[in-house]
Each structure stands twice: as structure tokens, then as C-alpha cells.
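Let's take a friendly walk through one structure, stopping at a helix and then at a few loop residues. Have the sequence and the 3D view ready as you read.

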Amino acid sequence: MRVVLAEDSVLLREGLVSLLTAEGVEVVAAVDRAEDVLRAVAEHSPDLAVLDVRMPPTFTDEGIRAALVVREQHPGTAVLVLSQYVEERYATDLVAGRATGVGYLLKDRVADVDQFVRTLHHVAAGGTAVDPEVVAQLLSRVRRDDPLGRLTPRELEVLQLMAEGRSNSAVAAHLFVTDKAVEKHVSSIFAKLDLPPAGEDHRRVLAVLRYLGTAAHGGANPWRNP
């Protein structure tokens, strides 16, 4: 896997380069400014771009804006954004429009090296990964009159884990239930969210988008049925 890394902190940037290199990941460029990551992605066509949300010169949203440009102009490059704090708007902006090959994680997750590297590979392969803390905050804002209010507590739990990018088998392992039980919950989620029969991956992404979008908008449902 080939990665472009954008992080303004020298210590964290060099630490990530060392960590990823030790795990067999090729870091083709490591930069400290958002505009540099755009040039690096255009030059190297990496599998994955890893960007900090807040970068010079204003340290506000340069990283997330660069991530959105990468997603639009280089669809073959997956994007993983790292953030110091939970910023719901950035997470939903990132997954809206193209919810494959995209991830949003808190920097604290880097400490669990094995899980972090697995997440990198998952996103680079076209998966979606949203930090559990982001998902938990969004979940706390869901109102009862939203479509998600149709779901049982267990179905909401399954959907939350789906939003974290977990497969059915991973959800089953986390909840200590069988794969077949998770499949039943997922099918029920699709039905209750009015998602018509389609490819499993397609409906999965739509369910996660509806979950994130509904919660981020304070309970309003901005999503139309496809």
C-alpha cells in the first residue's frame, strides 16, 4: 500500500512515517501543508491519503478541504482524516457524496497500532471507517421521530458498528452473537430505513449515510430514498 501523509506536527509526522514503514506501508510523501498534499497525490497517485484536519496557515479546516478535493479529483485515492477532537460536521462532510474509501478517526486511535493499520488497509480497499466517538455523539442527538427511531436498541447498536466500518463478522464478534443474527438485524435495518433491494454494499453505505446525516442534522432527515 502506498500512502501520502499530511501532518504539520513534525514529531507526529515522523512518528507516523516510522510506524507505517515498520508495518510494510510505503509512505511516498510526507508533507506539512494542505496544498502540498494535493501536489503529492497528483504526482504519486497513492492508494491512500492520510491528512490532519487542521493544518497551516489558519489551522481551521485546511486538511478537510484538501481531503474533499482529493476525493473529487482523484477518485482512485482513498482518504483518511485524523482529528484531535470530534468534529461532527467534518465527518459528515467527508462521507457525503462518496462513502467508499473514506475514513475519519481521532488521533488517539494511532496508539493502537494494529487496529490503526487494519483501518488504513480497510479504507484503502474501499471501506468506510468513522471513529466510534463521532458515532456516539451523533447517536446521542437522534430524535424519536426520525426514521432511526423505528430501530430497536440492538439494531441501532448494529448500525453504529456498521458506521465504524465493521463487517458483519466483526459486528457479530463484538456483540458476541452469530453472523446469522447480525444478518437478520441488518436486513431489518434496511427494511425499516426504506432501502429497496440492491447490492449489499450499496445499501450498507446508504444506511450509514442516513444514520450519520440524520444525527448530524439534529434529527431532521435530509436523505431521500434512491
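## A loop with a cis bond

Pro57 is found in the loop between β3 and α3. This is a predicted model, so keep that in mind as you look around. Pro57 is joined to Pro56 by a cis peptide bond, with an omega of about 5°.

Phe59 also has its place in the loop between β3 and α3. Its phi is near 55°, a positive value in a residue other than glycine. Is Phe59 buried, exposed or partly exposed? Its relative accessibility is 41%, so Phe59 counts as partly exposed, because that category lies between the cut-offs of 20% and 50%.

Now move to helix α2, which covers residues 34-44. Which of its residues are buried? They are Ala34, Val37, Ala40 and Val41. Looking down the axis of α2, you find these buried residues within an arc of 110°, so they line one face of the helix.

What do the buried residues of α2 pack against? Their partners are the strands β1 (2-6), β2 (26-31) and β3 (48-52), together with helix α3 (62-73). On the face turned away from the buried side, α2 carries the exposed residues Arg39 and Glu43.

Ser45 is not a glycine, yet it has a positive phi of about 45°.

Conventions. Residues numbered from 1 in each chain as written. Predicted model: local features only at pLDDT ≥ 70, side-chain atom pairs only at ≥ 80, totals over all residues. Heavy atoms only, no water. Buried < 20%, exposed > 50% of the residue type's maximum accessible area, 1.4 Å probe, protein only. Helix = DSSP H or I, 4+ residues; strand = E, 2+ residues; numbered from the N terminus. Arc of directions from axis to C-beta. Contact = heavy atoms within 4.5 Å.
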